[in-house]
Amino acid sequence: MSTAAIYIVDDDADMREGLAWLFDSRGHKATTWDSGPPFIDSVKARAGVWEQAVVLLDIRMVPMTGLQVFEQLKALACPWPVLFLTGNGDVGTAVAAVKNGAWDFLEKPFQDNVLVDRVEQALAAAAANGNANQEAHRLRYALASLSPREREVLDQLILGHYNKNIADYLGITPRTVEFHRANIFEKMGVSSAIELAHKLGRLQPIGAPPDKV
């Protein structure tokens, strides 16, 4: 069974049960809610700890509409892809929700295989995004592990400066710069100053491009 979760929020009991059976039969763990408030309460209880999941959200519900639930998820910085399930009269609203950050929508009635395919695509995208977040966390941890001198050398490396220029600027020998450079590359998991600049560029602006390395 997949470790990813499928969260189904729909006030139609038959729809909830049918969707839960469908995803359980395809090897996914499905959990259902009959309205938005208890689902949002369960999300808040996670305290920012997110597993891999996709949310299937009916647009027309009470007391909270699907759109209101979606806005609550965004306010909680919830990373889960949201796929809206909509009736014919709500297509325009669903399209607007996608433009506002929802993953996709499907109009009822829909084919089971189409729904499962969309959900698995969303899970794959969420997994890729999670991997990117893990890499960003690793880079920040590696940055924090650098010594003050290594950080000074790094700042010069990503500006594209040669070892000799860095040595003159910092008042140390080129051999010492090379020693620090090797340590920086090992800690950051890179093999060149250009690769280092590219990775750090995904975290924050780092200055001029390394065109002299």
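Which residues are exposed on the other side of α7? Keep this question in mind while looking through the views of this predicted model; the last legends come back to it.

**View 1. Five strands form an open sheet with parallel pairing.** Welcome to the sheet, where the strand order is β2-β1-β3-β4-β5. The edge places belong to β2 and β5, and each has a single partner strand, so one side of each is left without a neighbour in the sheet. On average, neighbouring strands are turned by 20 degrees against each other, direction ignored. Helix α1 (residues 13-25) packs on this sheet and touches β1, β2, β3 and β4. The direction of α1 makes about 170 degrees with that of β2. Another helix to look for is α4, which lies across β4 and β5 and runs at about 165 degrees to β5.

**View 2. Strand β3 is covered on both faces.** Here we zoom in on residues 53-58: six of the six are buried, so β3 is largely enclosed by the rest of the structure. In a regular strand, side chains alternate between the two faces of the sheet. One side of β3 carries A53, V55 and L57, while the other carries V54, L56 and D58.

**View 3. Strand β3 pairs with β1 and with β4.** Strand β1 (residues 5-9) runs parallel to β3, and five bridges join the two. Look for D58, which has L85 in β4 as its bridge partner, and for L57, which stands opposite F84 in β4. To get from β3 to β4, the chain passes through helix α3 (residues 66-75), making a right-handed β-α-β crossover.

**View 4. Helix α2 has buried residues along one face.** In this helix (residues 36-44), the buried residues are G36, F39, I40 and V43. Seen down the axis of α2, they fall within an arc of 100 degrees, so they line one face of the helix.

**View 5. G101 sits in the loop between α4 (91-99) and β5 (104-107).** Is G101 buried or exposed? With 55% relative accessibility, G101 counts as exposed. Find K74 as well: G101 and K74 are 27 residues apart along the chain, and their C-alpha atoms are separated by 8.8 Å.

**View 6. Helix α7 has a buried face and exposed residues on the other side.** Now for the opening question: K164, D168 and Y169 are the exposed residues on the other side of α7. The buried residues of α7 are N163, I166, A167 and L170. They fall within an arc of 100 degrees seen down the axis of α7, so they line one face of the helix. These buried residues pack against α6 (148-157) and α8.

**View 7. Helices α7 and α8 are roughly perpendicular to each other.** Helix α7 (residues 163-170) packs with helix α8 (residues 174-188) at an angle of about 105 degrees, and their axes are 8 Å apart. Where they meet, α7 brings N163, K164, I166 and A167, and α8 brings P174, V177, E178 and R181.

Conventions. Residues are numbered from 1 along each chain as its sequence is written. This is a predicted model: local features need pLDDT of at least 70, side-chain atom pairs count only at pLDDT 80 or more; totals for chains, interfaces and linings use all residues. Side-chain values use heavy atoms; hydrogens and water are left out. Buried means under 20% relative accessible area, exposed over 50%, partly exposed in between (1.4 Å probe, protein chains only). Helices (H or I, at least four residues) and strands (E, at least two) are DSSP runs, numbered from the N terminus. Two strands pair if DSSP finds at least two bridges between them. A crossover is right-handed if, with the strands pointing away from the viewer, the path from the first strand over the helix to the second runs clockwise. The arc is that of the directions from the helix axis to the C-beta atoms. Axes are lines fitted to C-alpha atoms, for helices over the stretch in contact, and angles run from 0 to 180 degrees between N-to-C directions. Angles under 35 degrees count as roughly parallel, over 145 as roughly antiparallel, 65 to 115 as roughly perpendicular and the rest as oblique. Contact means heavy atoms within 4.5 Å.
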